[in-house]
Amino acid sequence: MVVRIPAAGMTEYIFFGAAGVGTLAPLAMGIPGAEERVARATAKWAPRWERNINYFTNHVPVERGIQRITPPVERAVHRVEHELPLEKAAVATGHVAEKSMKPLEMIKHNWTMD
């Protein structure tokens, strides 16, 4: 029977693209003249990137949207913090770490006595 591979989703495309860029970028920078090409591309595209960033930093509707969304997100974070047993988990992890270090201390003590 032929194995059917499911179609790739958007997240797979994003991760494969990021992996390709992360792998090939250092190799591309090793090619002679790469720094000049990157500098030329940056000089060409930097003004456009600045305009796009300034749209979000200086645009009033974006600020209003952030102000509107902030309180519910803050409440959700506080609710999750109080519902999760984070302190109990941290204390338990500390006890486990201490127990696992005891045998190592005994070995070190025995080793240095010789």
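Modeller: Happy to. Helix α2 covers residues 34–58, which is 25 residues, and reaches 34 Å from its first C-alpha to its last, close to the expected 36 Å. This is a predicted model, where local features need pLDDT of at least 70, side-chain atom pairs count only at pLDDT 80 or more, and totals for chains, interfaces and linings use all residues. Residues are numbered from 1 along each chain as its sequence is written, and side-chain values use heavy atoms, with hydrogens and water left out.

Colleague: How do you know where α2 bends?

Modeller: The bend at a residue is the angle between axes fitted to the seven residues ending there and the seven starting there. At W45 that angle is about 40°, and a proline, P47, follows within four residues.

Colleague: Why is V38 called partly exposed?

Modeller: V38, in helix α2, has a relative accessible area of 41%. Buried means under 20%, exposed over 50%, and partly exposed in between (1.4 Å probe, protein chains only), so V38 at 41% is partly exposed.

Colleague: Why is I14 called exposed?

Modeller: I14 sits in helix α1, residues 10–29. Its relative accessible area is 52%, over the 50% cut-off, so I14 counts as exposed.

Colleague: What makes α1 hardly covered?

Modeller: The count of buried residues among its 20 residues is zero.

Notes: Helices (H or I, at least four residues) and strands (E, at least two) are DSSP runs, numbered from the N terminus. The expected span of a helix is 1.5 Å times one less than its number of residues.
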